[in-house]
Amino acid sequence: MIVVDPEDVEPKPWRNGRGITRELWAEPSGSGAGADFEWRLSLADLGENGPFSRFDGVERIFTPVVGGCFELTVDGRPHRATRYQQVRFPGEAAVAVRGLVEPARVLNLMTVRGRCRGDVQVRRCHGEITWNAGVRSLLLVAGRLAIGAVELPRLGLAVTSGPALSGTAEDALVVEVHVFRGVRLGTG
């Protein structure tokens with residue numbers, strides 16, 4: 001297991017220069033925003049209304065984790081962006097933020113179409129808990145979460161490529177990230 005503290009990750013500008021992101025994880029290792037990734041997980045800071053960067057051939061799951069509600073338009077269709085609720089869209093879509101009245105931070109899962117697919121679930125945890133091996137990473141949004149002897153920082157990410165994760169939670173709000181390799185969208 002690897003733990004990533006977002007405060008230790010250097011913020012980088014979006015492709016279109018309209019915001020910043022902190023890339024928490026990308027696979028294969030060493031890939032990232034400009035390289036050939038299969039899946040990528042980042043925290044993006046939204047500070048103003050405007051368009052998103054385009055990512056051809058990529059499926060995106062956008063989950064606000066800090067800040068208030070705003071509108072996300074995807075190819076002209078409005079979606080209410082509410083904390084902890086995901087919005088899915090293709091990377092080729094014309095996407096823009098509207099109605100942002102306070103800065104927001106969102107978890108952005110990107111998976112390359114045809115190579116893998118992803119899913120994001122937000123759940124409240126308390127006490128002893130085990131996540132099955134299908135959970136690739138956990139992001140702590142609120143509360144306390146220790147996995148083994150390691151306590152996650154707020155918005156900290158625990159990443160695993162192997163067995164199930166077990167931990168102890170105290171009123172924790174956790175984002176579970178599932179990544180399924182070699183599965184086409186719409187199949188098992």
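**Close-up views of a predicted model**

View 1. Ser42 sits in strand β4. The model shown here is predicted. Ser42 is buried, because its relative accessible area of 1% falls under 20%. Its neighbours, leaving aside residues up to four places away in sequence, are Thr21, Arg22, Glu23, Leu24, Val106, Leu107 and Asn108.

**View 2. The side chains of Ser42 and Thr21.** Thr21 is one of the residues that Ser42 touches. The two side chains, of Ser42 and Thr21, are joined by a polar contact of 3.3 Å.

**View 3. The largest pocket.** This pocket holds about 210 Å³ of space. Its lining is made of 17 residues. Trp14, Thr21, Arg40, Ser53 and Phe55 lie nearest the centre of the pocket.

**View 4. The lining of the largest pocket.** Strands β4 (39-46), β6 (58-66) and β11 (104-112) each supply at least two residues of the lining. β4 gives the most, with four residues. By residue type, the lining divides into 10 nonpolar, four polar and three charged.

**View 5. Cys69 and Cys116.** Cys69 is partly exposed, because its relative accessible area of 33% lies between 20% and 50%. Cys116 is buried, because its value of 3% is under 20%. A search of the whole structure finds zero disulfides.

Technical notes. Residues numbered from 1 in each chain as written. Predicted model: local features only at pLDDT ≥ 70, side-chain atom pairs only at ≥ 80, totals over all residues. Heavy atoms only, no water. 1 Å grid on protein atoms, 1.4 Å probe; cavity = no way out; pocket = protein on both sides within 12 Å on 5 of 7 lines; lining within 4 Å. Points joined across faces, edges and corners; volume = space filled by probe spheres on them. Nonpolar A, V, L, I, M, F, W, Y, C, P; charged D, E, K, R; others polar. Disulfide = S-S within 2.5 Å. Buried < 20%, exposed > 50% of the residue type's maximum accessible area, 1.4 Å probe, protein only. Polar contact = N/O pair within 3.5 Å; in protein donor to acceptor, adjacent residues only side chain to side chain. Contact = heavy atoms within 4.5 Å.
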